[in-house]
Amino acid sequence: MTPEEYCQNKTAKSGSSFYYSFLFLPKTKRLAITALYAFCREVDDIADAEMDNKIKLVKLEWWRSEIESLFTGSANHPVTQALSSSIKNFNLEKKYFLEIIDGMEMDLEKVRFANFEELNLYCYRVAGVVGILSASIFGYKDPKTLEYAKKLGLALQLTNIIRDVYEDSLRNRLYLPLDELEEFGVTEAQIF
């Protein structure tokens, strides 16, 4: 199986409708966005896995080193091998991949958010950065596009948070800002 086939399978098996929208892109962009999505799935699956957080941290640290390898031309994993040409073709920056991993690590260390400022950082790392990388792959001319992509990532992540309140509660995660819950007289017990 080629790295590109691995990423395509990973993306298709996710059950996301994104997979089908990717099919309409020109080949170079399709391969790049599919590899980016597969990378996000890989690290998100670690954060959501049923295993000890210490093991998850080791796995995320491995991905950090793998991103370093990607940017030095020695990628090992099929996803980073598939990303190799994309980082050159679309000028994708290493710092954004590391931010995504930082966001997944927040999922392990932070199960409550005191305020929207804390939540906003999390949303930036797990979704805003993905928007920035996606905009780079899709191509843009106006630099404001990156700000819009970041805001779209925030909006989509907030939508996911609202959609997944129950599922997150099963993992003892609460993404709704605690100060806002208190302001409106809502307790964690009521949420759970």
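Glu-118 is partly exposed, with a relative accessible area of 26%; partly exposed lies between buried (under 20%) and exposed (over 50%), using a 1.4 Å probe and protein chains only. Its side chain meets that of Lys-110 in a salt bridge, which is a side-chain nitrogen of Lys or Arg within 4 Å of a carboxyl oxygen of Asp or Glu. Lys-110 is partly exposed as well, at 25%.

The model is predicted, so local features need pLDDT of at least 70 and side-chain atom pairs pLDDT 80 or more, while totals for chains, interfaces and linings use all residues. Residues are numbered from 1 along each chain as its sequence is written, and side-chain values use heavy atoms, without hydrogens and water.

The count comes to 16 salt bridges, including these:

| Pair | N to O distance |
|---|---|
| Asp-45 and Lys-10 | 3.1 Å |
| Glu-118 and Lys-110 | 3.0 Å |
| Glu-188 and Arg-112 | 2.9 Å |

Glu-188 lies in helix H11 (residues 188-191) and Arg-112 in the loop between helix H6 (94-109) and H7, so this pair ties together parts that are 76 residues apart in sequence. Helices here are DSSP runs (H or I) of at least four residues, numbered from the N terminus. Glu-188 is partly exposed at 30%, whereas Arg-112 counts as buried at 18%.

Lys-10 and Asp-45 also belong to a network of salt bridges with Arg-41, Glu-42 and Asp-44. At 32% relative accessibility, Asp-45 is partly exposed; Lys-10, at 21%, is partly exposed too.

Phe-24, in the loop between helix H2 (18-22) and helix H3 (27-48), is exposed, with a relative accessible area of 74%.

Terms used: Helices (H or I, at least four residues) and strands (E, at least two) are DSSP runs, numbered from the N terminus.
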